[in-house]
Structures are given as C-alpha cells and as structure tokens.
Amino acid sequence: YMGIFKITMPNYGDPKYWDKRYKEQESATFDWLEDYANLKSMIANLATPSSKILVLGCGNAEFSENMYDDGYEHIDNIDISSVVIEQMKARNTKRKNMTYEVMDVRELRYADNTYDLIVDKSTIDALLCGEKSFYNVAIMVKEAQRVLKTGGTYMVISYGKPENRVFHFQRDHLAFDISQGTISVSGEEEKGESSHYIYLCKKRKEAVEMMAKNWAKVEADLK
C-alpha cells in the first residue's frame with residue numbers, strides 16, 4: 001500500500017499571506033538570508049551616503065535601519081503587506097529621511113533613473129514560489145532596471161544557484177553587466193544550504209532601448 005499526501009506551499013505572492021504572518025509576528029524582526037553587517041563592505045563599494053537606495057520587499061527586517069544608522073539615509077522601502085509597512089513606519093519615526101510604502105514590486109511608482117542601488121533580499125525567491133513566477137520576476141526586474149540610474153546596481157541576495165537565477169537577469173529586455181558571488185553560511189550545511197548567492201546587476205546605457213525593443217516579445221513568451 002502506498003499512501004498519497006499533498007503538501008500545499010504558502011502563496012508567497014499573496015498579500016493576505018504576508019499580512020497574516022506579520023500580524024502574528026508583531027514587534028518581531030527577521031532578516032532574510034543576510035543582515036546588514038554581512039553585506040556592509042559590499043554596500044560600501046556600491047553606494048555612498050548621498051546615494052538613493054530602494055529596498056524591495058523590506059518586510060520587518062532591521063537591514064534598512066542598520067544601513068540608515070551607518071550613514072545611508074536616503075532609503076525607500078516597499079512591501080506588498082500594508083500590515084508590515086505600518087509596523088515599520090511606527091518603528092522608524094525618528095529616521096526622518098527613510099520612507100516605507102505599500103507597493104507591488106511589479107509596479108513601482110518611482111520615476112525612471114532614480115536609484116543608485118536597489119536591494120532585493122530574497123524577494124525574487126518569494127516570487128518564484130508563486131503563480132506565473134517567471135513572468136512576475138521578469139516584470140519585477142524590468143521595473144528595477146527602469147528606476148535604476150545608468151551605472152546603478154540591482155543587488156540580489158538569493159537561495160538560488162546561478163543556473164536557476166542568472167537567466168532572469170539576462171532576458172532580452174534587460175541590459176545588465178552581471179557579476180556573482182557566494183556567501184558561506186555557517187550552521188546551514190545540514191540543510192544543504194551552505195551558501196547564499198549574490199548577483200550584482202549593473203545597468204548599462206542601452207537598457208532603455210533594449211526594454212522598448214524586446215519587452216513585448218519577452219512578455220508574450222512568458223505570459
């Protein structure tokens with residue numbers, strides 16, 4: 001006899017899932033994958049105190065608070081969960097130059113060429129667990145590229161190995177110079193997750209042209 005069972009994964013693309021999770025975790029904080037201390041030296045190579053920085057899917061992480069307190073004050077944080085945004089706004093009233101807004105990463109309400117650095121700490125991983133995952137990631141990366149300044153960097157920290165992630169940054173509507181690295185994670189070996197992966201995607205000057213020329217075909221292929 002063989003029993004059959006079904007495991008339902010959480011829908012990480014659903015705001016209701018995150019609202020419920022953050023209500024249950026009120027007053028708690030959690031940094032996905034890496035905290036600011038582990039990424040501090042890398043960020044110092046990508047940004048200055050005057051840089052404009054966007055954090056996608058900020059959640060209730062202390063990452064932006066720690067970065068702000070280290071001198072990077074021009075930070076905008078967005079998340080799809082209104083619950084966590086209200087929690088984080090309340091926590092950060094004294095950090096005057098930092099904003100928290102409810103926003104979908106696929107529909108950024110920011111002007112083109114605004115940011116020097118965009119930080120995605122496992123938001124790509126969450127989208128890849130949802131419905132129409134490749135399409136949604138393509139839209140998110142398109143939007144990240146649009147609001148980045150030429151020469152600015154979209155920094156992605158992910159569970160995903162290069163063979164499962166890099167192609168998302170190389171689609172025909174994108175123009176990035178991509179470099180990648182790993183962070184060894186102590187104590188995670190028993191889970192088979194001994195590394196987290198970092199992808200640095202630097203916007204090239206032909207990005208606008210590539211997006212205008214190729215997005216319709218990419219969208220048609222992925223929809």
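Tutor: Let us begin with a definition: a residue is called buried under 20% relative accessible area, exposed over 50%, and partly exposed in between, with a 1.4 Å probe and protein chains only. By that rule E86 is partly exposed, because its relative accessible area is 47%. Please keep in mind that this is a predicted model, in which local features need pLDDT of at least 70 and side-chain atom pairs count only at pLDDT 80 or more, while totals for chains, interfaces and linings use all residues. Residues are numbered from 1 along each chain as its sequence is written, and side-chain values use heavy atoms, with hydrogens and water left out.

Student: With which residue does E86 form a salt bridge?

Tutor: In general, side chains of opposite charge can pair when their charged atoms come close. The rule used here asks for a side-chain nitrogen of Lys or Arg within 4 Å of a carboxyl oxygen of Asp or Glu. E86 pairs with K89, and their closest N and O atoms are 3.8 Å apart. Both residues lie in helix α4 (residues 82-91), 3 residues apart, which is about one turn of the helix. Helices (H or I, at least four residues) and strands (E, at least two) are DSSP runs, numbered from the N terminus. An α-helix has 3.6 residues a turn, so residues three or four places apart point the same way. K89, at 39% relative accessibility, counts as partly exposed.

Student: How many salt bridges does the rule give, and which parts of the chain does the pair of K52 and D76 link?

Tutor: The count comes to 15 salt bridges. In one of these, K52 pairs with D76, with the closest N and O atoms 4.0 Å apart. This pair links distant parts of the chain, since K52 sits in the loop between α2 (36-46) and β1 (53-56), while D76 belongs to strand β2 (residues 75-79), 24 residues apart. K52 is partly exposed at 31% relative accessibility, whereas D76 is buried at 10%.

Student: How does the span of helix α6 compare with what its 15 residues should give?

Tutor: The expected span of a helix is 1.5 Å times one less than its number of residues. For α6 (residues 133-147) this gives 21 Å, and its end C-alpha atoms are 21 Å apart, which agrees. The helix is mostly covered, as 13 of its 15 residues are buried.

Student: Which residues touch the most other members of the largest nonpolar core?

Tutor: In soluble globular proteins, nonpolar side chains tend to be buried together. A nonpolar core is a set of buried Ala, Val, Leu, Ile, Met, Phe, Trp, Tyr and Cys residues joined through side-chain atoms within 4.5 Å. In the largest one, which has 27 residues, L54, L56, I118, Y154 and F169 touch the most other members. Its largest share, 5 residues, comes from α6.
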